[in-house]
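Hi everyone, thanks for making time this morning. Let me put the model up on the screen, and then we can walk through it together.

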Amino acid sequence: MNKTVLITGASRGIGAAAARLFAKEGCHVIINYRKSKAEAEKLAAETGAEIFCADVRDRSQVDAMFSACGGVDILINNAGISRFGLFSDLTSAEWHEMLDTTLTGAYHCIQAALPHMIHQKDGRILNISSIWGITGASCEAAYSTAKAGLIGMTRALAKELGPSGIRVNCVAPGVIDTDMNAHLTKETLASLQEETPLGTIGTPEDVARLLLFLAGRGGDFITGQVISPNGGFVI
Ligand code: NAD
């Protein structure tokens, strides 16, 4: 696939798996990272990708990244953070950090990517939501709110941008084995596996393969959808 793909928060986890897979498929990959320069450089050396440091919450950093990297054909809004705790204890700073990272970050990146996509009447935008944005998770109200917001943004933009040939979809993974879940105890992981019909939690590669499908010819007639690789955990 001879396309340019920009993946936010891609120095590790799902973003890094997507960077590897898209690079293997012949894409020009741009890895966005915020803090993990060494990890991003290592991944760039392995994949031949370019790297750009930008905090997606900061409009000027995002604009500078998009100006430097030229036209992006496929944008994957993957950057995210997690926060556990009672809603009563959620601070204003934590609330805003969650919404700014997930929603404002996607808003900044999509707006920066659009002029090129609209000009070429073609483009793919893939927003990484979560099963918790569909079902809601106890003690993860801010995360669930932000991920549900991404689903709303996806559906609205699919309608608005469809006439410009731009497909906008959400991928809403179930529990995936990445650093984001490193805090889970062995017992919690075992019970999550037990509750999953396919009997396993997912890998970053499981999500990456779906992203590649949606970004390629498989996604030609798909827009405004929420597709959830979750092993049957949420049906
Ligand atoms: P991860 O923590 O390994 O990756 C998230 C990346 O986003 C990190 O590299 C982080 O530095 C980056 N990031 C955070 N804030 C940023 C910012 N302001 N600007 C730029 N980058 C920023 O976790 P992951 O599991 O690979 O998560 C990737 C995405 O998948 C996230 O959006 C996450 O919410 C979502 N997700 C993960 C799971 C799971 O079980 N792991 C399930 C559903 C959805």
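Cys 139 sits in the loop between helix H5 (131-135) and helix H6 (141-161); helices here are DSSP runs of H or I of at least four residues, strands are E runs of at least two, and both are numbered from the N terminus. This is a predicted model, so local features need pLDDT of at least 70 and side-chain atom pairs count only at pLDDT 80 or more, while totals for chains, interfaces and linings use all residues. Residues are numbered from 1 along each chain as its sequence is written, and side-chain values use heavy atoms, leaving out hydrogens and water.

Most residues other than glycine have a negative phi. Cys 139 has a positive one, near 65°. Its relative accessible area is 34%, so Cys 139 is partly exposed; buried means under 20%, exposed over 50%, and partly exposed in between, with a 1.4 Å probe and protein chains only.

Lys 121 also has a positive phi, about 50°, although it is not a glycine. You'll find Lys 121 in the loop between helix H4 (92-120) and E5. Is Lys 121 buried or exposed? At 53% relative accessibility, Lys 121 counts as exposed.

Lys 121 is also one of the residues touched by Ser 164, along with Met 117, Ile 118 and Asp 122, leaving aside residues up to four places away in sequence; contact means heavy atoms within 4.5 Å. Ser 164 lies in the loop between H6 and E6, and with a relative accessible area of 18% Ser 164 is buried.

Now the helices on either side of those loops. The axes of H4 and H6 come within 8 Å and cross at roughly 20°. That makes H4 roughly parallel to H6. For reference, under 35 degrees counts as roughly parallel, over 145 as roughly antiparallel, 65 to 115 as roughly perpendicular, and the rest as oblique. Axes are lines fitted to C-alpha atoms, for helices over the stretch in contact, with angles from 0 to 180 degrees between N-to-C directions. On the H4 side the contact includes Trp 95, Leu 99 and Tyr 107, and on the H6 side Tyr 143, Leu 150 and Met 153 are among the residues met. By class, the residues of this contact divide into 15 nonpolar, three polar and one charged. Ala, Val, Leu, Ile, Met, Phe, Trp, Tyr, Cys and Pro count as nonpolar, Asp, Glu, Lys and Arg as charged, and the others, Gly among them, as polar.

On to the sheet. Seven strands form an open sheet in the order E3-E2-E1-E4-E5-E6-E7, with parallel pairing; two strands pair if DSSP finds at least two bridges between them. Strand E3 (50-53) and strand E7 (226-227) stand at the edges with a single partner strand each, so one side of each has no neighbour in the sheet. Strands E5 (residues 123-128) and E6 (residues 166-171) pair over six bridges, and Ile 125 has Val 168 in E6 as its bridge partner. Helix H8 (residues 204-215) packs on the sheet, touching strand E4 (74-77), E5, E6 and E7.

E1 (residues 4-7) and E2 (residues 28-33) pair over four bridges, with Ile 7 opposite Ile 31. Which way do the E1 side chains point? Thr 4 and Leu 6 go one way, Val 5 and Ile 7 the other, and all are buried.
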